[in-house]
Amino acid sequence: MRAFAAAATAVAAPTPARLRLRLPFGPRAPRYGHCRAASYSRLLRVFCGATTMGDETSTSVPAQQQEPTVGAGSVKQQLSRLVISSLRATVPEVEVEPMVEVSAKFADYQCNNAMGLWSKVKGSGTSFKNPNAIGQAIAKNLPSSDIIESTSVAGPGFVNITLSNSWVAKRIQDMLVNGINTWAPILPVKKAVIDFSSPNIAKEMHVGHLRSTIIGDTLARMFEFSNVDVLRRNHVGDWGTQFGMLIEYLFEKFPNWQEIGSQAIGDLQVFYKASKHRFDNDPEFKERAQQGVVRLQGGEEKYREAWKKICDISRSEFDLVYKRLNVELEEKGESFYNPYIPQVLAELNSKGLIQESEGAQVIFIEGYQIPLIVVKRDGGFNYASTDLAALWYRLNVEKAEWIIYVTDVGQQQHFEMFFKAARMAGWLPDPKENKFPKTNHVGFGLVLGSDGKRFRTRSTEVVRLVELLDEAKSRSKSELLQRLTENGKIVDWTDEELEQTSEAVGYGAVKYADLKNNRLTNYTFSFEQMLSDKGNTAVYLQYAHARICSIIRKSNKDVEELKMSGAISLDHPDERVLGLYLIRFAEVVEEACTNLLPNVVCEYLYNLSEMFTKFYTNCQVVGSPEETSRLLLCQATAVVMRQCFQLLGITPVYKL
């Protein structure tokens, strides 16, 4: 099951430092091959993206990919290919990964290989006298390219790279003509499973499921944008012991339940609580319920029929949430993998991994005092046995290369042990070997109330997500109506526009308030903060986007025509800063995918809006001699902002 395992106290996970990518996503070692053993020609084709997130239990190396075409990939990727050629010419006897980073002050990008190379070649009779000399040679040996305007070497061999204004402008214009999809990162996998949301049947979806759903959907969108085949899996808990309790209670209270259908159950949450109370307080009922599970899992038709009815009612409740969030999932719950468990356990047993301990069958994992239980004392299966069967299926049937599980950080140990068991079985490579396939647990912290405790209603019940989302929409609509009435623009809006805008802003505010935080940390839920039009909020960003759209409308120019006939120039410093930041979009998405951190996209989106504001303040657009170029920069900014919104699952608005 993927139930949100709430911790007794707030999780205070530290925010990890941003990880540097030495070679951006673009492939770097052959599938299942060692990264460091890769030749320079392989380095041109494959990517090795090791991450060190505290909750991740394996590192990456990537599957084989096609040789990237000239001009393909992010700016970092393209520069890295040039650096690889230079390194090959500078130190042909040494194999080393290109280290290309965004430069903080001295240029646009920086190659930082010289010091590492010096440590490898000094004392070996090399003609280089120091790291600076290596840096000079790297700069000199860079192939001629229209990407680079100039280079310089600083300190111990840091190669500063300044991009060509004309190349930056052309890259932006090409995107406008050919579409934002041409800026999609090149990821090292073709197929991934993202296991997220995963509520328990017959239980209320709560804020833990909200976080899992929002984070998982954004990861799926980022991978899909990057041309990865994503299997969006909803691993619902639909096969647990609670079904015996629910079914027996249904039979007892409504002998004619088949005739009255869903009305017999009514409010599923109330029904669940009543059956649980009976289970906890009536030993005879408890025994019947336990036998009911056996009869259900044995395939008895009456029990299967009741089980299906309860699942259907629960799914309709879940769908109310998914519809509001515009999230698509394919359900493959615990029951789907149940038939595969015996053969999977037989395989593990044949490899000598399963032992008997105190009546249960377990796998002992090095480094853990408690074993991983795969068959309970009563002979029943549990989370571990289901998860092992699901992983086997995803690797062998669905042929996934990267399998990502999105749950709260409280389940970290379970996933660490489960992944280690899979490695013991030979299903997954040792993370030190940097190979695919790989698995990751994407953990997240708690949602807190204003009192700093776990977010609940005043009656200490879990918050109904449908009601929470509807309140966000309602508050958004009230504020929009008030503002439009005060400025006299209410007459320009139709009822349909008001409804759609309120929904986009309200739901988007809830999503962004979650996603902008590093997922490992807790965050405080506050409608007032998330619906504010000031600071780093979705509402502020929606206003920024709507303002750009307004500038373009007021110019009375056809931007579609301009992008075909006009040209972009970056002569003003603020034009260049904006243009340079726009073309970094691909590597930002690349970084967010590598480290499984949606907040990286949020940070980029907010910074982009701030840079646009500075550009617009200092560079007149409409009526200026540079109007065409600047309108195209406005359009490019709007296009990139809209793609960021899309990745975050937020519907952009065009007027506010």
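**View 1. Asn227 in the loop between helix H6 and strand S6.** The loop that holds Asn227 runs between helix H6 (207-225) and strand S6 (229-234). Helices (H or I, at least four residues) and strands (E, at least two) are DSSP runs, numbered from the N terminus. This is a predicted model, in which local features need pLDDT of at least 70 and side-chain atom pairs count only at pLDDT 80 or more, while totals for chains, interfaces and linings use all residues. Residues are numbered from 1 along each chain as its sequence is written, and side-chain values use heavy atoms, with hydrogens and water left out. Asn227 is not a glycine, yet its phi is positive, at about 65°. With 60% relative accessibility, Asn227 counts as exposed; buried means under 20% relative accessible area, exposed over 50%, and partly exposed in between (1.4 Å probe, protein chains only).

**View 2. Asn326 in the loop between helix H11 and strand S7.**

**View 3. The cis peptide bond from Phe436 to Pro437.** Omega for this bond is near -5°. Pro437 is found in the loop between helix H15 (412-424) and S12.

**View 4. An open sheet of five strands.** The strand order is S7-S6-S5-S11-S12, and the pairing is parallel. Strand S7 (330-331) and strand S12 (438-444) are the edge strands, each pairing on one side only. Two strands pair if DSSP finds at least two bridges between them. Four bridges join strand S5 (residues 191-195) to strand S11 (residues 402-408) in the parallel sense. Within this pairing, Ala192 has Trp402 of S11 as its bridge partner.

**View 5. The crossing of helices H9 and H10.** Two packed helices are described by the angle between their axes and the distance between the axes. The axes of helix H9 (residues 268-281) and helix H10 (residues 283-297) come within 6 Å and cross at roughly 110°. H9 is therefore roughly perpendicular to H10. Axes are lines fitted to C-alpha atoms, for helices over the stretch in contact, and angles run from 0 to 180 degrees between N-to-C directions. Angles under 35 degrees count as roughly parallel, over 145 as roughly antiparallel, 65 to 115 as roughly perpendicular and the rest as oblique. H9 contributes Ser275, Arg278, Phe279 and Asn281 to the contact, and H10 contributes Pro283, Phe285, Lys286, Arg288 and Ala289 (contact means heavy atoms within 4.5 Å). Of the residues in this contact, four are nonpolar, two polar and three charged. Ala, Val, Leu, Ile, Met, Phe, Trp, Tyr, Cys and Pro count as nonpolar, Asp, Glu, Lys and Arg as charged, and the others, Gly among them, as polar.

**View 6. A network of salt bridges that includes Arg278 and Arg288.** The linked residues are Glu248, Glu252, Arg278, Asp282, Glu284 and Arg288. A salt bridge is a side-chain nitrogen of Lys or Arg within 4 Å of a carboxyl oxygen of Asp or Glu. Across the whole structure, a search finds 37 salt bridges.

**View 7. The salt bridge between Asp108 and Arg576.** The N to O distance between these side chains is 2.7 Å. Asp108 is in the loop between strand S1 (100-102) and strand S2 (109-111) and Arg576 is in helix H21 (residues 573-582), so the pair ties together parts that are 468 residues apart in sequence. Asp108 counts as buried, at 6% relative accessibility.

**View 8. The salt bridge between Lys614 and Asp574.** The side chains of Lys614 and Asp574 meet at 3.9 Å, N to O. Lys614 belongs to helix H23 (residues 599-618) and Asp574 to helix H21; the pair links distant parts of the chain, 40 residues apart. At 11% relative accessibility, Asp574 is buried.

**View 9. The salt bridge between Glu358 and Arg377.** The side chains of Glu358 and Arg377 meet at 3.2 Å, N to O. Glu358 sits in the loop between strand S8 (354-357) and strand S9 (360-363), and Arg377 in the loop between strand S10 (372-375) and helix H14 (383-396), 19 residues apart. Glu358 is exposed at 65% relative accessibility, and Arg377 is exposed at 62%.

**View 10. Glu627 in helix H24.** Helix H24 spans residues 627-647. Glu627 counts as buried, with 11% relative accessibility. Leaving out residues up to four places away in sequence, Glu627 touches Lys557, Val621 and Val622. From C-alpha to C-alpha, Glu627 and Gly566 are 10.0 Å apart in space, and they are 61 residues apart in sequence.
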